[in-house]
Amino acid sequence: MDNSGSSTSGTRSFEDLVAEGVAVPTEGWDFSWFEGRATEARPSWGYARSAGDRLSRATTALDVQTGGGEVFDFALSRAAAQPPMLVAATEGWPPNVAKATELLRSRGVVVVAAAEDAPLPFADAAFDLVLSRHPVRANWPEIARVLRPGGTYFAQHVGPGSAVELVEYFLGPQPDDLRNARDPERERAGAEAAGLVIVELRAERLRMEFHDIAAVVHFLRKVIWMVPDFTVEAHEPQLRALHEQIESTGPFVTYSTRHLFDVRKPTE
């Protein structure tokens, strides 16, 4: 999402805005459509730029759950003067496999279709750098297995209670186990249990704003785990009420949470 903060809805009707939100394709992780209608503050650490710097020092690299490959492509562009000799990516959603393959082919990336909860389809100690931006979950034993001794896992994860205000607007109060899922300290424990060493773990809470109901509809269609089984038809009364709220009082505000992992596999 962009950071401009200006709305494009004007006096457009609820029906018109909802129809637009439904019509926008959801493949990949390009969020440029949200420009002018939703914003999200960016973490201070600049994940994609930092990933590019690390790629320039790697010889073999893997991007796990790459989505449409957009972030990995940007990171590789920053390492273009000295890219890794071998680069691969995994993705589990078929439309994104196709999108990532098309986007990353020119950079020599092999995109492998692999379910998010499946073992990584690579040999032991195959990579000195493993990246991931917003994985559904980190499979720490598999990450440890494919890393070479001394190799690094560098990733930005979604944190606990991300956009919970939006989720609870549609689903009502959520139980603590769901609110606290993706807790960075729990993930730290999982990484350490797999034999990995935490070099750095940082977390931030970031303001998000939705300036029209089309942005809400598109976001919930794109980030499908926020409100499972979301459809406009099933949630029409809530969407209409939220549209009226935004029109009368301004943007709907929620907060994303993100944490950065810099993890090393010990040398043997």
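R145 is partly exposed, at 23% relative accessibility. R145 forms a salt bridge with D124, and the closest N and O atoms are 2.8 Å apart. D124 lies in the loop between strand 4 (109–113) and strand 5 (127–133) and R145 in helix 5, so this bridge ties together parts that are 21 residues apart in sequence. The model is predicted. The structure holds 18 salt bridges, 10 aromatic pairs and 1 cavity of 30 Å³ or more.

**Salt bridges**

- D124, the partner of R145, is exposed, with a relative accessible area of 54%.
- E40 and R258 form another salt bridge, with 3.0 Å between the closest N and O atoms.
- This pair links distant parts of the chain: E40 sits in strand 1 (residues 38–40) and R258 in strand 8 (residues 252–264), 218 residues apart.
- Are E40 and R258 buried or exposed? Both E40 and R258 are buried.
- E165 and R205 also meet through their side chains in a salt bridge, at 3.4 Å from N to O.
- Here too, distant parts of the chain are linked: E165 belongs to helix 6 (residues 164–171) and R205 to strand 7 (residues 197–210), 40 residues apart.
- E165 is partly exposed, with a relative accessible area of 28%.
- R205 counts as exposed because its relative accessibility is 54%, and the cut-off for exposed is over 50%.
- Some salt bridges share partners, and these join R12, D16, E20, R37 and D212 into one network.

- V146 is in helix 5 (residues 140–146).
- V146 has 0% relative accessibility, so it counts as buried; the cut-off for buried is under 20%.
- Which residues does V146 touch, not counting residues up to four places away in sequence? They are L62, L120, F122, A123, A125, A126, F127 and V130.
- The C-alpha atoms of V146 and A114 are separated by 15 Å. Along the chain, V146 and A114 are 32 residues apart.

**Aromatic pairs**

- W33 and F34 form an edge-to-face pair. Their rings are 5.3 Å apart, centre to centre, with 80° between the planes.
- W33 is partly exposed, with a relative accessible area of 21%, whereas F34 is buried at 0%.
- The rings of W140 and Y153 have their centres 5.3 Å apart. Their planes stand at 80°, so this pair is edge-to-face; the cut-off is over 60 degrees.
- W140 is in helix 5 and Y153 in strand 6 (residues 147–158), so the pair links distant parts of the chain, 13 residues apart.
- W140 is buried, with a relative accessible area of 6%. Y153 is buried as well, at 1% relative accessibility.
- Ring pairs also link Y169, F170, F230 and F252 into a cluster.

**Helix 3**

- Which residues of helix 3 (residues 70–78) are buried? E70, V71, F72, D73, A75 and L76 are buried there.
- What do the buried residues of helix 3 pack against? Among the helices, they pack against helix 2 (47–55) and helix 4 (94–104).
- Strands are involved too: the buried residues of helix 3 pack against strand 2 (60–63), strand 3 (86–91), strand 4 and strand 5.

**The cavity**

- Rolling a probe the size of a water molecule over the atoms shows where empty space is left.
- A search of the whole structure finds 1 cavity of 30 Å³ or more.
- How much volume does the largest cavity have? The volume is about 100 Å³.
- The largest cavity is lined by 13 residues. Of these, V64, Q65, E116, A118 and L120 lie nearest its centre.
- L120 is also among the residues that V146 touches.
- By class, the lining of the largest cavity has 6 nonpolar, 4 polar and 3 charged residues.

Definitions and conventions
Residues are numbered from 1 along each chain as its sequence is written. This is a predicted model: local features need pLDDT of at least 70, side-chain atom pairs count only at pLDDT 80 or more; totals for chains, interfaces and linings use all residues. Side-chain values use heavy atoms; hydrogens and water are left out. Helices (H or I, at least four residues) and strands (E, at least two) are DSSP runs, numbered from the N terminus. Buried means under 20% relative accessible area, exposed over 50%, partly exposed in between (1.4 Å probe, protein chains only). Contact means heavy atoms within 4.5 Å. A salt bridge is a side-chain nitrogen of Lys or Arg within 4 Å of a carboxyl oxygen of Asp or Glu. On a 1 Å grid over the protein atoms alone, a cavity is a set of points where a 1.4 Å probe fits but cannot get out, and a pocket is an open set with protein on both sides within 12 Å along at least five of seven lines; lining residues have an atom within 4 Å of a point. Grid points are joined across faces, edges and corners, and a volume is the space filled by probe spheres set on the points. Ala, Val, Leu, Ile, Met, Phe, Trp, Tyr, Cys and Pro count as nonpolar, Asp, Glu, Lys and Arg as charged, and the others, Gly among them, as polar. Rings of Phe, Tyr and Trp (its six-membered ring) pair if their centres lie within 6.5 Å; planes under 30 degrees apart count as stacked, over 60 as edge-to-face and the rest as tilted.
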